[in-house]
Amino acid sequence: MLRKVLIECRGERTRPEVAKDLSITPQMLGAIERGDRTPSLQLAKKIADYYEKSIDEIFFNSKGHNLFLD
């Protein structure tokens, strides 16, 4: 499932820019955004902090379902 929230948070920034800031590869960021990879809790926290959002806002839907499992 596509992680629309992550893509919306990235906005005009390029995938390589954000990946560099997060110390991951652009390929890894793309895989997370596409839903092909699930980040570790540590990386999920780092992503949430980077976008100034909570982990829940990014990785869970309004009903509390994990977006990685839906």
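Student: Is Tyr 50 buried, partly exposed or exposed?

Tutor: This is a predicted model. In it, Tyr 50 has a relative accessible area of 23%, so it counts as partly exposed.

Student: And what about Tyr 51?

Tutor: Tyr 51 is buried, at a relative accessible area of 8%. The cut-off for buried is under 20%, which is why Tyr 51 falls within that class.

Student: How many aromatic pairs are there?

Tutor: The count is one aromatic pair. Tyr 50 and Tyr 51 form it in an edge-to-face arrangement, with 5.1 Å centre to centre and 75° between the planes.

Student: Turning to the fold, what is the pattern along the sequence?

Tutor: The pattern reads α-α-α-α-α, with five helices and zero strands.

Student: Which residues of helix α3 are buried?

Tutor: In α3, residues 26-34, the buried ones are Leu 29, Gly 30, Ala 31, Ile 32 and Glu 33. Their cover includes α1 (4-10), α2 (15-22) and α4 (41-50).

Student: What follows α3?

Tutor: Gly 35 comes after α3, and its phi is positive, near 90°.

Student: How much of the chain is buried overall?

Tutor: Of its 70 residues, 33% count as buried. The accessible surface comes to about 4,600 Å², and carbon and sulfur atoms hold 51% of that.

Student: Where is confidence lowest and highest?

Tutor: Confidence is lowest in helix α5 (residues 55-59), at a mean of 90, and highest in α2, at 98. For the chain, the mean pLDDT is 88, and 84% of residues reach 70 or more.

Note on methods
Residues numbered from 1 in each chain as written. Predicted model: local features only at pLDDT ≥ 70, side-chain atom pairs only at ≥ 80, totals over all residues. Heavy atoms only, no water. Buried < 20%, exposed > 50% of the residue type's maximum accessible area, 1.4 Å probe, protein only. Helix = DSSP H or I, 4+ residues; strand = E, 2+ residues; numbered from the N terminus. Contact = heavy atoms within 4.5 Å. pLDDT = per-residue confidence, 0-100. Phe/Tyr/Trp six-rings, centres within 6.5 Å; stacked < 30°, edge-to-face > 60°. Areas by Shrake-Rupley, 256 points an atom, 1.4 Å probe, with all protein chains shown as cover.
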